[in-house]
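Student: Could we go through this protein together, taking the charged side chains before the overall architecture?

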Amino acid sequence: MPELPEVETIVRGLDPGLRERAIAGTELLFPPLLRRASARDLAALVGKRIAGVRRRGKMIVIECRGGPTLVFHLKMTGQLLLAEPGAPRDKHTRLVITFADAASELHFRDIRKFGFLLCLAQTPHGTRAGHDAGAADTCAELASLGPEPLAVTSDEFAGRFAGKKARIKGLLLDQTIVAGIGNIYADEILFDARIQPETPASSIGREGWVRLWKSTRRILNKAIRAKGSTVRDYVDTSGRAGRFQFSHRVYDREGEPCRACRTPIKRIRVAGRSTYFCPSCQRKRRRVVSTHITMLPKR
Ligand code: ZN
């Protein structure tokens, strides 16, 4: 599933490619793609100019001047591509948006069909380029999201997990705590921070949270620079694969030697997800509270 770095890469491709262009038409080839709206709502886009494209968590928000706001979630296999005008639609093309200038078209492809699109009516205050806090951010899908992990301080980051006893891997995947991290980057971040994925959040001390915050920033920024990870279907708006998969330290490397210590990478299940870690670099922390157990010899 595309995560923060992949979605950020797509947004950085779409924003300059779509900004200020007037929409000429929409072709909805798979109606269930639209949530709580119909093709008629999409028709309100015709003639409107795109104000800007931005990311929120793993979602892509396309704002139109005086028109509806589009929110795409790519889920497992969704792709947003800038295609040549009249480019062939294949059987996985679910939506095509055409533009008055006919310079390119926007295609949404999705093999597994889990992706969705919201078409949110314009707010009474209108939509402002790039920073509309109206329609998009108040809809249920976006309002429930935690903050952006690259926009919080270390204290704010640690504060999001305060009072939580669950295992850290599962909590990193919870979009209501911080938004945008998925299975690949949770594992890579935890390796970078040398934290075992099953560690309860309540046992990560102050120093551990600072390390985890730093690792989150380091891994996500590195992955954005490498234009994301292509493990299966992810490509950018031009159809190019990312490069960060070549830098993965643990994800999808079960049995392969750790790049730091040569110990074979282990795969376990945490929060229902395959989780990769190095049992040597990411040791389970011993309890800080010492317990005095006296082993009595059996009689
Ligand atoms: Zn190791």
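Student: With which residue does Arg54 form a salt bridge?

Tutor: Please keep in mind that this is a predicted model, and that the distances are computed from its atoms. The closest N and O atoms of the pair are 3.1 Å apart, which falls within the 4 Å that a salt bridge requires. The partner of Arg54 in this salt bridge is Glu63.

Student: Where does Asp90, the salt-bridge partner of Arg109, lie?

Tutor: The closest N and O atoms of Arg109 and Asp90 are 2.7 Å apart. Arg109 lies in strand E8 (residues 105-110), and the pair ties together parts that are 19 residues apart in sequence, so we look for Asp90 in the loop between strand E6 (78-83) and strand E7 (93-99).

Student: Which of these two residues, Arg109 or Asp90, is partly exposed?

Tutor: A residue is partly exposed when its relative accessible area lies between the buried limit of 20% and the exposed limit of 50%. Arg109, with 18%, is buried, whereas the value for Asp90 is 34%. The partly exposed residue is therefore Asp90.

Student: Which residues gather with Arg194 in a patch of positive charge on the surface?

Tutor: Arg194 is found in the loop between helix H7 (183-192) and helix H8 (206-225), and at 35% relative accessibility Arg194 counts as partly exposed. The residues that gather with Arg194 in this patch of positive charge are Lys222, Arg225, Arg249 and Arg259.

Student: What is the area of the nonpolar surface patch made by Met1, Met76 and Phe114?

Tutor: Met1 is found in the segment before helix H1 (4-18), and Met1 is partly exposed, with a relative accessible area of 39%. Together with Met76 and Phe114, Met1 makes a nonpolar surface patch of about 280 Å².

Student: How many salt bridges does the structure hold, and how far apart are the mean positions of its positive and negative charges?

Tutor: The pairs discussed above are among the 23 salt bridges in the structure. The protein chain carries 53 positive and 30 negative charges, and the distance between their mean positions is 8 Å.

Student: What percentage of the residues in the protein chain is buried?

Tutor: The protein chain has eight helices and 11 strands, and its C-alpha trace spans about 85 × 40 × 35 Å along the principal axes. Of the 299 residues in the chain, the buried ones make up 52%.

Terms used: Residues are numbered from 1 along each chain as its sequence is written. This is a predicted model: local features need pLDDT of at least 70, side-chain atom pairs count only at pLDDT 80 or more; totals for chains, interfaces and linings use all residues. Side-chain values use heavy atoms; hydrogens and water are left out. Patches are made of residues with over 30% relative accessible area and no salt bridge: like charges are joined within 9 Å, nonpolar side chains (Val, Leu, Ile, Met, Phe, Trp, Tyr) within 5 Å. Accessible areas come from the Shrake-Rupley method with a 1.4 Å probe; for residues, only the protein chains shown count as cover. A salt bridge is a side-chain nitrogen of Lys or Arg within 4 Å of a carboxyl oxygen of Asp or Glu. Lys and Arg count as positive and Asp and Glu as negative; His and the chain ends are not counted. The place of a charge is taken as NZ of Lys, CZ of Arg, CG of Asp or CD of Glu. Helices (H or I, at least four residues) and strands (E, at least two) are DSSP runs, numbered from the N terminus. Buried means under 20% relative accessible area, exposed over 50%, partly exposed in between (1.4 Å probe, protein chains only).
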